[in-house]
Amino acid sequence: SRAIREQVSIIVEGVHVHPEMQKNFLNRDDDTIVIPFIIAVPKKKNLMAHLKGRGKQISSRRSKRYMDNFEAIWSLQSFLLEEADKHDITVVPNTNLDDAADLIKEHIADVLSRHFKGDPDTVLQLELAEEVSSE
C-alpha cells in the first residue's frame with residue numbers, strides 16, 4: 001500500500017506469497033501493474049539437488065537445514081503449485097536459469113503489452129526491449 005501511495009515500483013518476492021494473495025493484487029482499481037508468477041523446481045530429485053547446491057555456493061545457507069526439512073519444503077511447493085493452478089497464476093519451471101529468465105521476461109512482456117495495448121508506442125518499446133534481451 002505504501003509503494004502504491006508513494007508511486008514507487010517494487011518487487012515482492014518469496015515462496016511465502018500465496019497465489020490467492022497474488023490474484024487479489026490483480027483486482028485493484030488503480031494503475032498498479034501486477035505480474036504474478038511462481039518459480040518452481042518441478043521434479044523432486046532436481047529440487048533436492050538445487051537445495052544441496054545452495055549450501056555449496058553460500059555456506060551460510062547450510063544445505064543440511066534444507067535436507068532435514070526437505071519433505072516439508074516439497075509439500076509446501078506442491079501445495080503452492082496446486083493453489084497457483086486453482087487461481088490461474090503462471091508457474092515458471094526452474095530447470096535451467098537462462099530458460100527460466102527467458103520465460104519470466106516473456107510473461108512480463110505479455111502482461112505489459114496487454115496492459116498498454118491502446119498505446120502503440122509503449123507496445124513497440126516493449127517489443128524492442130524483448131528483442132534486445134533475447135539477443
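**A charge over a ring**

Over the ring of which residue does the charged end of R65 sit? The charged end of R65 sits over the ring of Y66, at 5.0 Å from the ring centre, where a charge is counted as sitting over a ring if NZ of Lys or CZ of Arg is within 6 Å of the ring centre and within 35 degrees of the ring normal.

This is a predicted model, in which local features need pLDDT of at least 70 and side-chain atom pairs count only at pLDDT 80 or more, whereas totals for chains, interfaces and linings use all residues. Residues are numbered from 1 along each chain as its sequence is written, and side-chain values use heavy atoms, with hydrogens and water left out.

**Overall fold**

The protein chain has 7 helices and 2 strands, which follow one another from the N terminus in the order α-α-β-α-α-α-β-α-α; helices (H or I, at least four residues) and strands (E, at least two) are DSSP runs, numbered from the N terminus. Of the 135 residues in the protein chain, 24% count as buried, a term that means under 20% relative accessible area, with a 1.4 Å probe and protein chains only.

**Helix α5**

Helix α5 covers residues 70-86, and its 17 residues reach 24 Å from the first C-alpha to the last, close to the 24 Å expected at 1.5 Å a residue, the expected span being 1.5 Å times one less than the number of residues. Within α5, the residues F70, W74, Q77, L80, E83 and A84 are buried. Just after this helix, D88 takes a positive phi of about 55°.

**The second largest pocket**

The second largest pocket holds about 310 Å³ of space. A pocket here is an open set of points on a 1 Å grid over the protein atoms alone, where a 1.4 Å probe fits, with protein on both sides within 12 Å along at least five of seven lines; lining residues have an atom within 4 Å of a point. The volume is the space filled by probe spheres set on the points, which are joined across faces, edges and corners.

Its lining consists of 16 residues, and L26, V34, P36, V111 and R114 lie nearest the centre. By class, the lining divides into 7 nonpolar, 4 polar and 5 charged residues. Both α2 (19-26) and α6 (97-115) supply at least two residues of this lining, and α6 gives the most, with 4 residues. V111 is found in α6 and counts as buried because its relative accessibility is 13%. Although V111 and P36 are 75 residues apart in sequence, their C-alpha atoms are 9.7 Å apart in space.

Conventions: Ala, Val, Leu, Ile, Met, Phe, Trp, Tyr, Cys and Pro count as nonpolar, Asp, Glu, Lys and Arg as charged, and the others, Gly among them, as polar. Buried means under 20% relative accessible area, exposed over 50%, partly exposed in between (1.4 Å probe, protein chains only).
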